[in-house]
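Here is a brief report on a protein model, written for a reader who works with coordinates. Please look at the structure before reading on.

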Amino acid sequence: MSTVAEPGDIFKALADPTRRAILDELADRDSQTLFEICSRLTMKHRLASSRQAVSQHLDVLEAAGLISTRRDGRYKFHHLNREPLRHLTDRWLEEE
């Protein structure tokens with residue numbers, strides 16, 4: 001079941017620098033597990049967040065519709081969803 005997030009939820013999700021770094025990593029390489037995201041945040045961004053903290057950030061991003069998840073066995077893969085951002089930009093940048 002897919003729900004459309006409110007613009008305020010999207011902006012709230014984007015306000016946090018760690019969540020923006022997570023989105024950058026998923027834009028660079030989509031379909032990552034929590035372990036992969038944590039590793040990339042530590043190595044590329046020098047962010048030493050716990051797996052629990054990153055998981056909470058992922059929950060906020062998913063609630064805002066900016067990522068989706070897929071389970072494969074015991075692994076959960078995270079995917080960037082650009083549609084909410086397109087919807088926001090189209091809303092304000094569309095010419096009449």
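## Basis

This is a predicted model: local features need pLDDT of at least 70, side-chain atom pairs count only at pLDDT 80 or more, and totals for chains, interfaces and linings use all residues. Residues are numbered from 1 along each chain as its sequence is written, and side-chain values use heavy atoms, leaving out hydrogens and water.

## Helix α4

Helix α4 covers residues 51–63. Helices are DSSP runs (H or I, at least four residues), as are strands (E, at least two), numbered from the N terminus.

Val54, His57, Leu58 and Leu61 of α4 are buried (under 20% relative accessible area; exposed is over 50%, partly exposed in between; 1.4 Å probe, protein chains only). They lie on the same side of α4, because their arc around the axis is only 100° (taken from the directions from the helix axis to the C-beta atoms). The face turned away from that buried side carries exposed Gln52 and Ala63. After α4 comes Gly65, with a positive phi near 80°.

## Salt bridges

The structure holds seven salt bridges (a side-chain nitrogen of Lys or Arg within 4 Å of a carboxyl oxygen of Asp or Glu). Arg40 pairs with Glu25, with closest N and O atoms 2.5 Å apart. This pair links distant parts of the chain, helices α3 and α2, 15 residues apart. Both residues, Arg40 and Glu25, are buried. Glu25, Asp28, Arg40 and Lys44 form a salt-bridge network.

Glu83 and Arg86 also form a salt bridge, at 2.7 Å from N to O. Both lie in helix α5, three residues apart, about one turn.

Notes: The expected span of a helix is 1.5 Å times one less than its number of residues.
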